Amino acid sequence: MKRFCDLADFSREEVVDLLQLAQRLVQHPEPQALAGKVLGLLFFNNSLRTLASMQAGMSKLGGSSFVITPGNGTYRMETRLGVAMDGDAAEHIREGLPVMSSFCDVMGIRAFADGRNLDADINETAFNAMAELVADKPLINLESAMSHPCQALADWKTMDDIGVPRTGRFVLSWVWHPRALPLAVPSTALHMAAQRGMDVVVLRPEGFALPAPLMDKARRAAAASGGRVSETSDRREALQGAQVIYAKEWGATAAYGDAQADAALRASLSHWCVRNDWFDHTDPACRLMHCLPVRRNTAIADEVLDGPRSVVLREAHNRLIVQMAVLHRMLKEAR
Ligand code: CP
């Protein structure tokens with residue numbers, strides 16, 4: 001495996017196989033598997049889970065890692081082409097990335113959406129340009145404009161761990177946040193659940209529908225795996241019989257790149273906060289998932305996060321486990 005950039009690049013069977021490797025590494029640890037190997041990490045955006053779990057996972061397999069967060073102890077990095085670099089950025093990715101990749105055996109990059117041009121973000125223009133600069137090395141996407149495959153893999157494992165049926169009802173629900181957040185996690189969670197074969201419902205207010213190309217892609221995955229994908233703004237209809245509520249904040253797609261219009265659209269939506277009564281008509285065993293970080297009592301109430309339905313900490317821990325499988329497959333098995 002040379003690239004782990006989008007879970008959609010893998011068949012359902014390949015994902016299941018990767019999760020089996022993750023389980024094998026839990027049961028039979030391989031603390032020297034990647035001895036002498038180096039992971040290079042480039043984070044253009046903040047992180048707790050991804051940064052810590054990538055470094056911890058590499059260590060547990062016997063390898064080591066370095067981290068560059070441009071502008072924090074290193075030069076600010078320019079990503080645009082053809083600009084005169086007379087501002088804050090002293091280094092361009094066209095030099096910085098190949099230099100970094102020459103120091104390591106595998107690279108991970110986090111670069112969130114630019115958030116101004118929806119088509120450019122859907123096409124992963126910025127991330128793909130960076131990927132080309134490290135074409136000679138394996139690459140892991142640590143969250144790009146529309147994809148967060150490590151999170152999706154951990155979420156799939158979490159549902160397996162807690163016994164959510166393959167065909168269970170998975171409700172991806174928009175929840176409130178004071179400002180627009182990127183589409184990477186909701187679009188990847190949508191696709192992951194469709195690929196798993198689930199009955200996926202996207203629950204969102206008007207103005208926040210996920211872009212048609214992402215919905216279409218998920219519908220194709222569902223068709224291949226026996227699942228289905230639908231969307232609604234009717235909470236009661238969506239949550240009926242749900243086995244998972246996957247809460248996520250994202251920006252108004254009807255006003256992409258327009259902060260003022262986005263703010264106007266979300267101004268009256270602060271009641272989209274997951275509370276215990278959201279579970280009144282779900283399956284009795286319904287669980288609450290969220291990728292974290294989460295703002296308490298804006299997106300999800302304390303009563304849910306601190307209650308028995310929440311599996312958010314398990315999801316976060318599974319990041320470590322599944323990423324070790326990705327690193328192992330890339331660097332040890334080289335298949
Ligand atoms: N879920 C997730 O990717 O968390 P971080 O932003 O902390 O890495």
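Visitor: Which loop holds Glu124?
Guide: This is a predicted model, where local features need pLDDT of at least 70, side-chain atom pairs count only at pLDDT 80 or more, and totals for chains, interfaces and linings use all residues. Residues are numbered from 1 along each chain as its sequence is written, and side-chain values use heavy atoms, with hydrogens and water left out. Helices (H or I, at least four residues) and strands (E, at least two) are DSSP runs, numbered from the N terminus. Glu124 sits in the loop between helix H4 (118-122) and helix H5 (125-133).

Visitor: What phi does Glu124 have?
Guide: Most residues other than glycine have a negative phi. Glu124 is not a glycine, yet its phi is positive, at about 55°.

Visitor: Which two residues does the cis peptide bond join?
Guide: Most peptide bonds are trans. Look in the loop between strand S12 (287-289) and helix H11 (302-305), where you'll find Pro293. There's a cis bond, with omega about 5°, between Leu292 and Pro293.

Visitor: Are H1 and H12 roughly parallel or roughly perpendicular to each other?
Guide: H1 (residues 12-27) and H12 (residues 312-333) pack at about 100°, with axes 8 Å apart. Those axes are lines fitted to C-alpha atoms over the stretch in contact, and angles run from 0 to 180 degrees between N-to-C directions. Angles under 35 degrees count as roughly parallel, and 65 to 115 as roughly perpendicular. So H1 and H12 are roughly perpendicular.

Visitor: How far apart are the C-alpha centres of domain 1 and domain 2?
Guide: The assignment, automatic or from a database, gives domain 1 (3-147 + 316-332) and domain 2 (163-310). Their C-alpha centres are separated by 26 Å.

Visitor: What area is buried between domain 1 and domain 2?
Guide: Buried area is the accessible area (1.4 Å probe) that two parts lose on being put together, summed over both. Carbon and sulfur atoms give 62% of it here, and the total is about 1500 Å².

Visitor: Which residue's side chain meets Asp6 in a salt bridge?
Guide: That means a side-chain nitrogen of Lys or Arg within 4 Å of a carboxyl oxygen of Asp or Glu. At 2.8 Å, N to O, the partner of Asp6 is Lys217.

Methods:
Parallel < 35°, antiparallel > 145°, perpendicular 65-115°, else oblique.
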